[in-house]
Number of protein chains: 2
Amino acid sequence: MSTELDQTSRTTISRHAERGSYDRDAAYAILDEGMVAHVGFDAGNGVTVIPMTYARVGDEIVLHGAVASRWLSSFENGRPVSLCVTLLDGLVLAQSAFSHSMNYRSVVCFGDATLVTDKSKKDAAFRAFLDHLVPGRWDDTRQPDAKESDATIVLSVPIAEASIKVRSGPPKDSAKDLGLGYWTGVIPLEMTSGPPIPDPVMQDDIDTPDYVTSFDPKRK
Amino acid sequence: MSTELDQTSRTTISRHAERGSYDRDAAYAILDEGMVAHVGFDAGNGVTVIPMTYARVGDEIVLHGAVASRWLSSFENGRPVSLCVTLLDGLVLAQSAFSHSMNYRSVVCFGDATLVTDKSKKDAAFRAFLDHLVPGRWDDTRQPDAKESDATIVLSVPIAEASIKVRSGPPKDSAKDLGLGYWTGVIPLEMTSGPPIPDPVMQDDIDTPDYVTSFDPKRK
C-alpha cells in the first residue's frame, strides 16, 4: 500500500480539490517521468525560480550545480526550497472561455535543500542524474573524477511535504453551455524524442547504443 | 533593433555566461512558444512554486486564477514574483558524466505581480490566454460574462528585469576525453500534439476547426 505525503497548510489543495492527491507512489511516477524541476528559493534578494535537472533517489530529490555558482554556494547550511515538476498532457477546449483548461500532472514539494557531502551518497546522486534522464547511460560514460566531484554541489530535498495535482479527460462545461455549437475536446500534448544526432567530433566507428535508439521520453 | 531587458544583480548570468542574453525579442519568442510558467512567490509561509498558464500581452506577462483561490487573493496589493518558462530541446550525452547537459531555452523574470482591474485590459488578457495557447480560439468560444470575469483574478508582471539562458548544439567534452569511445551526441526533444479528441458530449455535427487540426505546439 502506498504511503501518503505530508498534508500541511502549504500542500493542501484548496482550488479544484478533486484534482489533488497526496499519494506517494503517484508523486514518484510524475517525478520519474519529468526531466526539469523548477526550483524556487530566496537567497537574500527575493524569490528566484530556476529550471534544474534533478533525479529521485529513494525518498529524496537530488539537485546539482557548480560549486562556483553564486547562488548554489549559498546553500552550504541548507535553505528551504519549493520545487515543482509539471508534465503537460493536453489543451482542453470547452464551450466557454472560462471552462478552458489544461490536462497535466504536477508535483509541488516543500523542504530544506541540504548539501550532500557523504561520498557514496554523492556518487549515487551522480548515477541517478544520468540514469534518470537516459536509463543505462551511467555505465556507458566516463564517471566523475575527484576534481569533478569536488567542483559539483549536490543538494538533497526530502519528498515529504508535497502534493500532486492532476487533470485529465474531456472539458467540463456547465449544462447551460452544452449545445452552443463550438468544437470542444482535447488537443493531446506529449514530449517526444527525435532521431539521435551523433556528435560531429565522435569517432565514426561507434555504434549508437540500444538505450539511445530505444530512448522513450515517457520512460515506460 | 531589439531592446534589452534590465540586467540587475538578480538577472546577471554567472554560470555559463555564454548561454545568457538580455535580448527582449528572444525572450518574447520563448514566452510565446511556452505553455506553462512556473511562478514563485512568498505569500507569508515560505517560497511556493506553482505551474500556471500565462500569456504575453505586449511587454507584460498575464496570469490568472480564481478569486476564491487562497493564495491568489493575497495578491490584492501586488506581490513580487519570479517566473520561469523553460523549453526543453534535447539531452546532451558527452564522453564524461560531468559534461552531460540539456539543450533548452529559458526565461527567468522578476517583477511585481499586480492586479488587473481595468475592464478592457482584463478582456485583452482573457483573449490572450486562449489565443496564446490555441491561436484563433478566442473568436470561436463563448466569451466570459460579467460573473465569470468577476470570479477571475488577472495578474500582470512587467517583462523588464529578466534574462534568457539558451544551450544548443552538440556536447562539449574536454579535449582529453575525446576518443574515450563512448557514443556522444544529442537526443532531440520536442513537445508534439496528437490527433484532437472530440468531447464525447459535443453535438456530432460540429466540424473540427482548422485552428485545431493545424495546431502546432511550436506555434510557428
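Residues are numbered from 1 along each chain as its sequence is written, and chains are lettered from A in the order in which they are written. Because the model is predicted, local features need pLDDT of at least 70 and side-chain atom pairs count only at pLDDT 80 or more, while totals for chains, interfaces and linings use all residues.

Me: What average pLDDT does chain A have?
Reply: The term pLDDT is the predictor's confidence in each residue, from 0 to 100. In chain A, 99% of the residues score at least 70, and for the complex the predictor gives an ipTM of 0.95 and a pTM of 0.96. The average pLDDT of chain A is 93.

Me: How many strands are there in chain A?
Reply: Helices (H or I, at least four residues) and strands (E, at least two) are taken as DSSP runs and numbered from the N terminus. Counted in this way, chain A has four helices, and its strands number 11.

Me: Which strand of chain A pairs with strand 2 of chain A over six bridges?
Reply: Two strands pair if DSSP finds at least two bridges between them. Strand 2 of chain A pairs with strand 6 of chain A in the antiparallel sense over three bridges, with Gly40(A) opposite Ser82(A). In the other pairing described here His38(A) stands opposite Pro51(A), and the hairpin has four residues between its strands, with Gly44(A) at a positive phi near 115°. The partner over six bridges, also antiparallel, is strand 3.

Me: Is Gly90(B) buried or exposed?
Reply: A residue is buried if 20 or more other C-beta atoms, placed from the backbone, lie within 10 Å of its own, exposed if 12 or fewer do, and partly exposed in between. Gly90(B) lies in strand 6 of chain B, and its contacts beyond four places in sequence include Met102(B), Val186(B) and Leu189(B), where contact means C-beta atoms, placed from the backbone, within 7 Å. Because Gly90(B) has 23 C-beta neighbours inside 10 Å, it counts as buried.

Me: Which strand of chain B do the buried residues of helix 2 of chain A pack against?
Reply: The buried residues of this helix include Ala125(A), Phe126(A) and Leu130(A). Within chain A they pack against strand 4, strand 5, helix 3 and strand 8, and in chain B against strand 6.

Me: How many nonpolar residues has the side of chain A that touches chain B?
Reply: The contact takes 86 residues from chain A and 87 residues from chain B. Among the elements that each supply at least two residues of the chain A side are strand 2, helix 2 and strand 10. Ala, Val, Leu, Ile, Met, Phe, Trp, Tyr, Cys and Pro count as nonpolar, Asp, Glu, Lys and Arg as charged, and the others, Gly among them, as polar. By class, this side has 11 charged and 26 polar residues, and its nonpolar residues number 49.

Me: Which residue of chain B is the bridge partner of Gly185(A)?
Reply: Strand 10 of chain A and strand 11 of chain B pair in the antiparallel sense over two bridges. In strand 11 of chain B, the partner of Gly185(A) is Pro198(B).

Note on methods. Two residues are in contact if their C-beta atoms, placed from the backbone, lie within 7 Å.
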